[in-house]
Amino acid sequence: MHLRHATLVALLAAAFGAQSALAQSCPATGASLTYPVSKKLDQLDDYHGTKVADPYRWLEDANSAETKSWVEAQNKVTQAYLAQIPQREAIRQRLTQLWNYERYSVPYKEGGRYFYTRNDGLQNQAVLYTLKNLNDTARVLLDPNTLAADGTIALAGAAVSPDGKLLAYSTAASGSDWNEIRVRDIESGKDLEDHVKWVKFSNTAWTRDGKGFFYSRYDEPKEATKLADVNYFQKLYFHRIGTPQSQDTLVYDRPDQKEWGFGAQTSDDGRYLIITTTKGTAPKYRISYKDLAKADSKVVDLIDNFDAGYDFIDNVGTVFFFSTDRNAPRKRIVAIDVSKPAESNWKEIVPEGADTLVGADIVNNQLVLEYLKDARSVVRVTDLKGKPLREIALPGIGSVGGLQGKRGEGETFYSFTGFTNPTTIYRLNLKTGKSTVFRQPKVAFNPADYETRQQFYTSRDGTKVPMFIVSKKGIKLDGSNPTYLYGYGGFNISLTPAFSPANLAWMEMGGVYAVANLRGGGEYGEAWHQAGTKLQKQNVFDDFIGAAEWLIQNKITSPQKLAIGGGSNGGLLVGAAMTQRPELFGAALPAVGVMDMLRFHKFTIGWAWTSDYGSSENPEEFKALVKYSPLHNLKPGTCYPATMVTTADHDDRVVPAHSFKYAAAAQAAQAGAAPILIRIETKAGHGAGKPTSKQIEEVADRWGFLSRELKMGEAASTVGGAN
């Protein structure tokens, strides 16, 4: 028996309190869309005495014929709607032009060879190259575009043996988190017979002699449900080259701790295996090590609790260098002698400073340190005792990547990018401190036409929050500018300046691009992260809403011209903001979002997110979750902004059921004529490894949708015309 509509409303009201003043009837301003029927089941769950309806539970079964039919019907409605937008084709063509530029990864050196990836512009996947000398012509080592005609097999990772002879590379199909590892002979370019499967959330760490590598995997899942089943009991293995996976050696596991995960590193001198044990996504780790120079040595626990974050940098003999937030929320560098590991014997090398330490390595017997200063990169170099040597001059406001290398090498490479600076690769001579351009792309636009500024605004509780605002120079402050506000706010992840052809196209259309650095992220260290987690998660939404209010109050834009977007945890952010303040936005683009905050932990790796979110199985955390869970706070009879939900059929990080259920509920709740669409990509996942062609099509749909809903008119159809 299906729930009657009135009964569902009553149940939701009982679970979440009376409907807000925003849950009101609103007159339609145009013809409403006819959506596919989303049936409602009589599904009630009891959370600590509170009954909560879940009428769209059936959409959690992605393999059912009923769900597949629903997906097909929703895509038809969405594609028909998008096809009527006249600007979409012009946007797609301009995106293709802007995307067509060379893109390089940061080179790294191993075994006397350099390695880097390059995309010539419109290739679906970047190609891995190698060369012995930087002046040589690079040779293709691995071209993922040859692995699948449609470009849906991506290179997920690559690790070169210390002697430079073998490449262990992992691939991911259709955007799944599941990886497979193969081994290629670098000289011949041919694969060996080695094939390792059921790898997920793993790196690859070679032994010094190049005879094998360490990796992490899960037990083989059921084929039919491998994209949804929960992932527990990760194990660390050693694979010896030339042997089948069935003979791999189990190095470390904890059958008493189903949630623990294991990452492996080998020290540059080859002496030690360092095992970092994680529990969920919390940046708090256990550290163990194994002496590889001694046969049958035991794994030794160095730090045997989850009291803080510890990132292994390198070792000098028995002295291990770590960056840590132990007693330092913005991190510091410490040295631990494993022969006398008591914390009282630790030596502080670089103390915590005013800026947040986000990266460290030892190159040229120096510590190369990357900091965030108000969400922009700063690079400093010290000696191994922490004495400051220099600060590396950077081209402007932007983000740095790379800065990895060997202790005995005199050089390293890094990338620099900004909102209007295409990613440029630099070679850094650490003996002189001088940077030289290694690769610099040419993109068909003039950076001088644009400006970036950083604005601090005040959130609801008085916290100062930074926001980047990027646009063409000389915009009028009259509230008429279409604006796309982007955010994330979770899991200690920082949003820093980065170039994007998609965002450039948006600004060419006359749009303003704004990025808010919300609490929950890592921009200001662990305290900033914790301030946006669990019972304090509402701070994140308040920060985002505060950014929107600032943009409106200062006449950058107006509600009818303001769109919000974000992906994954950022999709949750968009869902929460549009349900809490629907009148504040003209459009919303929640991508691969975590929308059901009561059941997210029941799928794949979702349980690991409880460190940030909490769990509905905890009574106090349930009370907080149910107040903002996007799925459970859609109020029938409310005018919601135009919305296009995006997800993918192979997303095994945030399963598509989140977006399916949210879209069905939002379509049922919508009182006005603004569309509630869902765009479901096929043969794609959470986002990593998505082919260039699919990226361009998705962005064209996104900007096309906004051009219509924000009434951008001529500006959108003349995208690129000024250049």
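**Close-up views of a predicted model**

**View 1. The hairpin of β1 and β2.** In this predicted model, two residues lie between strands β1 and β2 in their hairpin, and His 48 has a positive phi near 55 degrees. The pairing of β1 with β2 (residues 50–53) is antiparallel and runs over four bridges. Tyr 47 has Thr 50 of β2 as its bridge partner.

**View 2. The two faces of strand β1.** Strand β1 spans residues 44–47. Asp 45 and Tyr 47 sit on its covered face, while Leu 44 and Asp 46 sit on the uncovered one. In a regular strand, side chains alternate between the two faces of the sheet.

**View 3. Helix α2 from end to end.** Helix α2 covers residues 65–83, which is 19 residues. At 1.5 Å a residue it should span 27 Å, and its end C-alpha atoms are 27 Å apart, so the two agree.

**View 4. The buried and exposed sides of α2.** Buried residues of α2 include Trp 70, Val 71, Tyr 81 and Leu 82. Down the helix axis, the buried residues of α2 fall within an arc of 160 degrees, so they line one face. Ala 65, Lys 76 and Ala 83 are exposed on the face turned away from that side. Among the elements covering the buried residues are α3 (88–99), α10 (657–669) and α11 (692–709).

**View 5. The largest nonpolar core.** This core has 112 residues. Leu 485, Trp 506, Tyr 613, Trp 703 and Leu 706 have the most contacts inside it. Helix α6 (residues 538–553) gives the largest share, nine residues. Beyond its neighbours within four places in sequence, Leu 706 touches residues including Tyr 484, Trp 506 and Met 712.

Technical notes: Residues numbered from 1 in each chain as written. Predicted model: local features only at pLDDT ≥ 70, side-chain atom pairs only at ≥ 80, totals over all residues. Heavy atoms only, no water. Expected span 1.5 Å × (residues − 1). Buried < 20%, exposed > 50% of the residue type's maximum accessible area, 1.4 Å probe, protein only. Arc of directions from axis to C-beta. Contact = heavy atoms within 4.5 Å. Pairing = 2+ DSSP bridges. Core = buried A, V, L, I, M, F, W, Y, C linked by side-chain atoms within 4.5 Å.
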